[in-house]
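Hello,

Here is the structure we talked about. My notes follow below it.

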Amino acid sequence: MGIGELDREAHVPEGRPRGTAGSPRTLAEALRARGDDGLAALLRARPDLLGPVPNDLTQLATRAGTRASVVRALERLDRFSLQVAQALAVAPDPAPYPVLLGLFTGGRPGSAVEEALPRAVALLREQALVWGGDDRLRLVRTARELLSPSPQHPSPTGLGPTVAEATAGMSPGRLQEIVAAAGLPSTHDPVSAVAALTSLFTDRERMAALLDTAPPEALAVLDRLVWGPPYGEVTAKPAPPVGWLRDRGLLLPVSPRTMVLPREVALHLRGGRAHRAPEPRAPELSVAREYRPAVADGAAAGQAYAALATVEELLKSWEHGGPPVLRAGGLSVRDLKRTAAALDVPEPVAAFWLELAYGAGLLASDGEADERYAPTPAYDDWLDLPPAERWVRLAAAWLAATRTPGLAGGQDAKGRTLSVLGPDLDRAAAPEVRRRVLGLLAALPPGAAPDPETLLARLRWERPTRGGSAADRAPAAPGAPAAAPPETAAGAWASDSRPAPASSPAPSSPVDLRERLARWALQDAELLGITGRGALSTAARALLNLPLDAPAEPSAEGGGVEPEVAEERAAELLEPLLPEAVDHVLLQADLTAVAPGPLLRPLADALAVLADVESKGGATVYRFTPGSVRRALDTGQAASDLHAFLAAHSRTPVPQPLAYLIDDVARRHGHLRIGAASAYVRCDDDALLGEILADRRSAPLRLRRLAPTVLAAQTDPSSLLDGLRAMGYAPAAESAEGDVLVARAAAHRTPVRTPPAPVPDGPPPPDATLLAAAVRAIRAGDRAATAVRKEPAPAAATPGGLPRTSPAETLATVQAAAMTGSAVWIGYVNAEGAASQRVIAPVRVEGGFVTGYDHTADEVRTYPLHRITGVAELADDEV
Amino acid sequence: MNGPLIVQSDKTLLLEVDHELAEACRRAIAPFAELERAPEHIHTYRVTPLGLWNARAAGHDAEQVVDALVEYSRYPVPHALLVDIAETMGRYGRLTLSKHPAHGLVLTTTDRPVLEEILRSKRVQPLVGARIDADTVAVHPSERGQIKQTLLKLGWPAEDLAGYVDGEAHPIELAEDGWSLRPYQQHAVEGFWHGGSGVVVLPCGAGKTLVGAGAMARAKATTLILVTNTVSARQWKNELVRRTSLTEDEIGEYSGTKKEIRPVTIATYQVLTTRRKGVYPHLELFDSRDWGLIVYDEVHLLPAPVFKFTADLQARRRLGLTATLVREDGKEADVFSLIGPKRFDAPWKEIEAQGYIAPADCVEVRVNLTDSERLAYATAEAEEKYRFCATTATKRRVTEALVEKFAGQQILVIGQYIDQLDELGAHLDAPVIKGETSNKERERLFDAFRNGEINVLVVSKVANFSIDLPEATVAIQVSGTFGSRQEEAQRLGRVLRPKADGHQAHFYSVVARDTIDQDFAAHRQRFLAEQGYAYRIVDADELLAP
């Protein structure tokens with residue numbers, strides 16, 4: 001196999017004649033032939049190619065062919081495009097379009113596939129995974145390696161290796177026997193024997209004739225293997241049907257105990273189809289219920305209001321001494337439970353609210369010695385916003401957040417429990433999945449709620465391979481002999497649509513992370529009021545920058561409005577739906593007050609001190625108790641202030657029992673005065689002091705009568721206060737000057753905090769400006785690199801001298817060589833400074849080293865790149 | 001969107017009563033929501049699983065409930081709440097109790113996993129018999145009540161289609177000569193009869209006895225009536241003789257003194273729960289005849305052994321009557337599951353508005369302890385504290401002042417502590433009825449009071465219930481059973497019978513200020529306050545001032 005036959009995707013076509021317009025010779029050439037729009041589309045789809053901006057198209061093509069980038073690109077393909085790529089990987093290289101189509105239809109016309117295939121091929125081309133004209137479709141080499149069946153990574157097509165691959169290590173004698181048994185003319189040359197066998201298997205009629213002679217048991221064996229996995233265990237002395245198949249090469253050995261069904265045979269048995277179930281069409285979303293848009297919006301607004309109330313309640317409860325931060329970061333399970341109980345929600349929901357507040361920058365650790373969580377100053381600013389804008393702030397933070405509260409409570413790879421607000425909860429895929437889920441919801445008519453299962457099925461179709469599982473595996477050389485081929489199809493690429501019970505993923509495996517993220521996204525959206533009764537609300541559509549009153553295109557990216565404008569529009573749409581703040585309460589004789597709607601904030605704050613909240617929701621029910629009235633008096637208000645306050649804000653006359661309650665508590669409030677300096681109790685009523693002294697419960701306070709109206713205590717003032725209150729008195733603390741101390745703790749705030757930045761996976765999608773600039777830069781670099789120079793490059797041409805190339809060029813050339821497996825000529829300076837020239841076939845380029853087979857030294861060696869003075873390609877016929 | 005209803009996240013519903021749609025809304029939500037509080041402006045209803053299941057049993061489905069909420073709600077109803085309602089209501093009817101021609105009482109399911117789930121419960125296992133097929137299991141007939149109660153607790157209420165036995169027929173008619181059942185009584189009887197069994201809640205003095213009589217006239221069968229005490233038993237008997245076709249001979253009294261079993265038998269809880277040598281000999285009464293109807297008067301007082309026995313009587317029609325279904329032991333749910341769901345409920349103020357009970361002026365009089373009393377109070381043992389403050393001498397002077405103020409009207413002075421009552425009796429020169437007073441003497445005194453021969457009667461808690469004293473217009477409560485809400489309501493009930501001259505009733509509760517008495521009083525008043533009785537507070541000094 002000569003070098004010239006290898007596809008030279010990233011080859012620098014320096015000094016060579018350009019390929020004809022119809023068939024580019026390399027990927028770089030194919031890219032060069034594209035318009036700027038085409039390049040921009042590639043860079044938009046694969047933004048990782050942009051970091052840093054490649055110098056020229058050669059470098060871009062090289063980078064597009066690196067393993068990491070190809071894996072990334074493959075992971076982002078929809079199921080059908082991936083199936084197309086998989087089919088190309090088992091097709092001859094290059095494959096004409098009709099052959100590819102044949103692999104799906106098996107010769108029979110299948111309209112859906114015929115319709116969808118051009119789109120899929122175009123997509124693969126756009127993403128530089130496939131290049132070449134329709135007559136010569138080529139899958140880039142890395143993708144081919146990743147997708148073609150190997151014992152380590154069985155292909156989801158269920159196809160095995162070709163006859164040529166499977167017989168690679170077979171003895172010529174054995175091959176002779178097979179050829180003879182298959183009824184072919186004998187030949188001593190193994191290459192022609194393999195060719196003969198291959199042509200027999202691919203010849204429809206002769207193959208059919210051969211199978212007609214097969215015993216039925218043998219056909220049953222083939223039936224079991226035909227749709228994969230193609231490997232089967234055999235004993236040392238196989239049963240007659242297996243023996244029959246083995247003798248004719250219909251099964252080929254891969255190890256003493258394992259046989260494989262060659263690809264050609266399987267394709268014949270399948271009628272030429274690569275996939276059992278091609279899925280050319282995305283599954284439709286089915287609408288579970290359709291509400292009037294106003295109903296859905298109403299429900300969403302109700303939930304949005306509940307979200308605001310919950311976040312506010314949560315943060316308010318953490319104002320005075322929030323829970324401590326765990327040493328490893330995060331909130332303890334006990335505190336989460338407590339918070340959930342306080343909010344009256346299940347723990348996962350409480351975790352969601354916590355992370356939401358945290359993600360919106362309203363909540364953070366205070367960073368003090370005993371670290372505690374507390375609201376941030378941003379919380380105060382947030383509180384001052386109108387409700388609709390408050391909601392928009394939360395929703396926007398949620399849309400971009402990479403933190404996933406749903407993972408809390410689980411364990412990370414090291415077995416440590418993941419805690420809410422703690423580290424390691426960021427999942428880069430979250431925002432993208434979330435956007436996609438909402439995008440799919442937006443594709444439905446307003447007010448329509450989808451069946452979540454169909455939505456998840458659609459997501460599975462759009463992104464069938466998930467997580468970085470393939471990239472994590474050690475790259476295995478294609479065609480390397482396998483020690484033990486796996487029996488089940490549980491490989492990284494084996495995510496076929498059929499449910500495979502054997503390969504059900506572990507709960508924490510990345511395989512189902514996207515699905516879990518999608519489920520969470522649906523739940524969170526409902527909690528937050530993004531959706532109402534399952535349908536996307538109009539305000540959310542505005543926030544997502546989508547058309548308001550019509551289904552959006554499924555792939556709509558949002559319509560050009562700046563995010564700030566979108567947020568403003570969402571707030572405007574939401575605002576009229578939120579309950580209007582009321583400025584009054586209804587007072588009732590059973591000592592309750594009902595606020596028939598959300599109260600204006602100052603009123604709510606004042607009332608929250610004066611009364612205990614009994615029930616929340618659209619309205620708030622307050623109950624007045626002696627304790628709550630005393631609390632209000634403790635904040636420095638007089639009874640007359642309270643009366644005036646109630647009279648001013650009540651729609652109904654103040655009931656007499658309530659007025660009485662306030663007077664009664666006020667009468668006793670501050671009746672007792674307690675000094676801070678020396679802890680004393682003084683009271684004008686000496687009988688009362690006598691009463692206290694006589695009370696046995698006062699013993700722990702160690703009171704002593706100083707004067708008829710003054711008691712001194714040995715305890716500190718606060719215990720004294722508590723003690724006396726416990727005994728049923730209403731003492732007031734007093735300052736050294738004799739004034740009543742106002743007991744009102746300042747609300748606790750963290751220092752100024754920035755909200756945690758989302759942690760996206762990879763660079764952000766490039767915008768149009770960046771794309772245009774990048775394309776311009778690449779074009780310019782490319783023009784410089786490919787400009788036809790008058791003089792030939794002197795370094796490479798001088799025989800005996802060291803080749804000289806720029807480091808970037810060196811790297812690109814060596815990488816290209818490593819990919820194509822071709823040999824290059826390098827100049828090398830060793831540690832002692834001695835220069836030498838070598839011919840090496842690079843195998844791997846990484847970490848500043850190139851490892852390759854050194855033809856000069858006849859062994860595998862590793863050279864540091866910085867010692868390579870330059871590199872030149874060899875003429876095609878040199879090795 | 002400007003409805004009268006506000007749905008709270010804790011599943012309470014707030015109904016603004018002054019709203020024009022309030023009445024329509026009340027009718028829409030009444031089938032599934034319990035009225036919890038009914039003060040003057042905003043009534044509070046609560047949506048409970050039990051209420052939702054009762055609504056299902058009465059033929060309402062989740063869609064109706066959701067529609068009612070959505071239609072009348074002022075603000076959007078949280079989706080989670082609607083889902084929860086649908087889910088809860090969906091649990092009813094998955095299991096049914098019915099009569100099988102071959103296997104007797106059987107439990108059938110339409111949802112097999114549910115049956116599997118409940119059969120796995122340890123509490124259900126002893127109640128069921130053999131598995132008949134995949135969807136059916138036999139139930140011991142005697143455990144009909146138990147299993148219903150248990151399934152309710154497990155959250156899978158069974159629909160009881162096994163029906164009722166008719167019992168031994170006995171002709172009973174209402175003798176509506178010159179009077180007739182009031183509309184709400186008629187509704188209550190119909191509600192009960194339609195539902196088969198259940199509880200009717202009516203304010204004191206609103207004529208619960210007549211509801212019982214109406215139910216008997218519908219059943220036309222032998223009836224067992226359970227009442228709180230002998231005096232009450234006699235009143236039932238008199239009322240039945242007067243209002244129905246029954247004659248004195250047809251009505252038996254089964255009490256400590258008499259053991260008559262007649263077609264209509266009135267028994268006291270006390271005699272039923274008398275225990276001799278570890279057994280309850282009188283519980284046999286339930287089986288002594290083929291009763292067609294069992295009436296539980298003052299069902300909120302149902303003692304535990306009767307509870308137990310009632311569970312075994314599920315095949316008979318049961319009617320519970322009460323004014324105040326609040327139990328400080330929290331066993332309201334047991335009453336509902338054993339007697340039956342609430343079939344009729346009327347807010348007190350509504351009956352008052354219709355003129356069937358007298359309007360009442362409730363006043364809390366606050367008295368100050370004297371200095372020496374305060375000292376003594378502070379040093380008293382915890383368990384003695386209430387007694388001490390409740391019996392302060394100042395209360396006596398206030399009571400005297402009140403009696404003087406209402407001289408000429410029929411006045412009841414009610415208290416907890418015998419010493420206090422005796423002292424009051426001596427000072428007011430009024431007879432005292434207490435536990436040791438014989439039934440004969442009690443009846444004589446009550447009769448004298450009714451006839452106006454006595455103006456002031458001092459009574460202990462023996463007169464809390466079921467004592468019909470139509471002409472009492474003023475009640476003065478000097479002490480009570482700590483914080484009992486229903487006692488307060490029952491005591492107010494003593495003066496709520498509509499007066500011949502239609503004038504107002506007065507209820508005074510005398511409370512010692514700044515003591516535990518005041519805390520208890522606040523708790524006691526909650527039920528009535530929630531029913532819309534606004535207490536006025538006055539200082540003792542105002543009353544004592546000349």
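How many bridges join strand 11 of chain B to strand 14 of chain B? Four, and the two strands run parallel. Strands pair here if DSSP finds at least two bridges between them. Strands (E, at least two residues) and helices (H or I, at least four) are DSSP runs numbered from the N terminus.

Before the rest, two notes. This is a predicted model: local features need pLDDT of at least 70, side-chain atom pairs count only at pLDDT 80 or more, and totals for chains, interfaces and linings use all residues. Residues are numbered from 1 along each chain as its sequence is written, with chains lettered from A and ligands numbered from 1 in the order in which they are written.

Strand 14 of chain B (residues 293-296)
- Val295(B) is the bridge partner of Ile225(B).
- Strand 15 of chain B (residues 317-322) also pairs with strand 14, parallel, over four bridges.
- Ile294(B) stands opposite Arg318(B) of strand 15.
- Both faces are covered. Leu293(B) and Val295(B) are buried on one side, Ile294(B) and Tyr296(B) on the other. Buried means 20 or more other C-beta atoms within 10 Å of the residue's own, exposed 12 or fewer, partly exposed in between; C-beta atoms are placed from the backbone.

The A–B contact
- Chain A gives 33 residues and chain B gives 32. Contact means C-beta atoms, placed from the backbone, within 7 Å.
- On the chain A side, helix 16 of chain A gives the most, with six residues.

Gly847(A)
- Gly847(A) counts as exposed because it has 10 C-beta neighbours inside 10 Å.

Best wishes

Key:
Contact = placed C-beta atoms within 7 Å.
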